[in-house]
Amino acid sequence: MKKRTSILSLAVTSLLAAAMIAGCGTGNQPQTGAGQGQPAGQGQAGEKKTLIMATSADYKPYEYHDLTSGKDEIVGFDIDIAKYIANELGYEVQVTDMNFDGLVPALQTNRADFVMAGMTPTPERQKNAEFSDIYYDAKNTLVSKKESNITKPEQLAGKKIAVQLGSIQEEAAKEMSKTVQGLQVTSLNKLGEIVEEVKTGRVDAAIIEDHVAKSFVESNPGLQFTTIETDETNGSAIAFPKGSPHVAKFNEVIKKMKENGEMDKLIQKWFAQ
């Protein structure tokens, strides 16, 4: 009798487990698609599925932590664009914060459906991810102490400069070090750390994108920033895993946002302050 009871119990347990697994596979599950490598889509009975957006939320005004409401919320230009596109396509968005240099690997390992982080689609990144059309252009700047009088790359000879690890600014600094004698490049994870390095004098300057630099300088009156003149553009695009089914649809909404004035509204909201 004990053996028969055990078999019956096992059968009942297996049925319950199967039912639980089936129940977990429906509805609005945050990791659907992202964890399995499958594209997200509509859930049962028209429920919205969730797209996982990875970002590095230290890049104001693109994305940053806002505590003014008493809660820790990630807000910004990229967040508003992502929510608008997702809503147009019938999705919810779940934002995941991580270090910038971990964003493309998150796409490669299917831990995110897309990345928005003021990211430029460089040839190196395009080897490992697909990109949307450019949705916003920006320029690099030199951030330094006002009394340093550093306003041009050639004034960095024999000096130290800080950049964000894995960023387009890191690539620019390494390229700059080939022509500026004695330039030392330090790569750090967070922009707040980089600005602190400049403020304390541990580095002489930093390369930061212009609108982000403007935000930091406004909060730190002892700092200044000047645009690095170049023929290259540092346009921002949305990154996706290779073969993602979302690229074309996202591009359609980006085009629509530019045509209907929605993109201009968000640019005005986040950059004209």
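Where is Thr 122 found? Thr 122 sits in the loop between strand 6 (114-115) and helix 4 (123-126), and the points below widen the view from there. This is a predicted model, in which local features need pLDDT of at least 70 and side-chain atom pairs count only at pLDDT 80 or more, while totals for chains, interfaces and linings use all residues. Residues are numbered from 1 along each chain as its sequence is written, and side-chain values use heavy atoms, with hydrogens and water left out.

**The chain as a whole**

- The protein chain has 9 helices and 13 strands; helices (H or I, at least four residues) and strands (E, at least two) are DSSP runs, numbered from the N terminus.
- Of the 273 residues in the protein chain, 44% are buried; buried means under 20% relative accessible area, exposed over 50% and partly exposed in between, with a 1.4 Å probe and protein chains only.
- Taking contacts in the protein chain between residues at least 6 apart in sequence, 71% join residues at least 24 apart; contact means heavy atoms within 4.5 Å.

**Back to Thr 122**

- Thr 122 counts as buried because its relative accessibility is 5%.
- Once neighbours within four places in sequence are set aside, Thr 122 is in contact with Ile 168 and Glu 171.

- Strands of a sheet pair through backbone hydrogen bonds, either parallel or antiparallel.
- Strand 9 (residues 160-164) and strand 11 (residues 205-209) are a parallel pair with 2 bridges, and Ile 161 stands opposite Ala 205 in strand 11.
- Strand 8 pairs with strand 11 in the antiparallel sense over 5 bridges, and Leu 142 faces Ile 207 of strand 11 as its opposite residue.
- Strand 8 also has an antiparallel pairing with strand 12 over 5 bridges, where Lys 145 has Leu 223 as its bridge partner.
- Strand 8 is mostly covered, with 5 of its 6 residues buried.

**Helix 7**

- Helix 7 is mostly covered, as 7 of its 10 residues are buried.
- The buried residues of helix 7 are Asp 210, His 211, Val 212, Ala 213, Ser 215, Phe 216 and Val 217.
- Their cover includes strand 2 (58-59), strand 8, helix 6, strand 11, strand 12 and helix 9 (262-271).

**Nonpolar cores**

- The largest nonpolar core has 46 residues, and those with the most contacts inside it are Phe 77, Ile 81, Phe 114, Tyr 135, Ile 208 and Ile 238; such a core is a set of buried Ala, Val, Leu, Ile, Met, Phe, Trp, Tyr and Cys residues joined through side-chain atoms within 4.5 Å.
- Elements that each supply at least two residues of this core include strand 1 (49-55), helix 6, strand 11 and helix 7.
- Helix 2 gives the most to this core, with 6 residues.
- Apart from this core lies another, of 16 residues, among them Met 98, Leu 107, Ala 129 and Ala 239.
- Beyond neighbours within four places in sequence, the contacts of Ile 208 include Val 143, Leu 191, Ile 194, Val 195 and Ala 213.

**Aromatic rings**

- The count comes to 9 aromatic pairs; rings of Phe, Tyr and Trp (its six-membered ring) pair if their centres lie within 6.5 Å, with planes under 30 degrees apart counted as stacked, over 60 as edge-to-face and the rest as tilted.
- Phe 77 and Tyr 136 form an edge-to-face pair, because their ring centres are 5.4 Å apart and their planes lie at 70 degrees.
- This pair links distant parts of the chain, with Phe 77 in helix 2 and Tyr 136 in the loop between strand 7 (130-131) and strand 8, 59 residues apart.
- Phe 77 counts as buried at 0% relative accessibility, and Tyr 136 also counts as buried, at 12%.
- One aromatic cluster is formed by Tyr 59, Tyr 62, Phe 77, Tyr 135 and Tyr 136.

Methods. Pairing = 2+ DSSP bridges.
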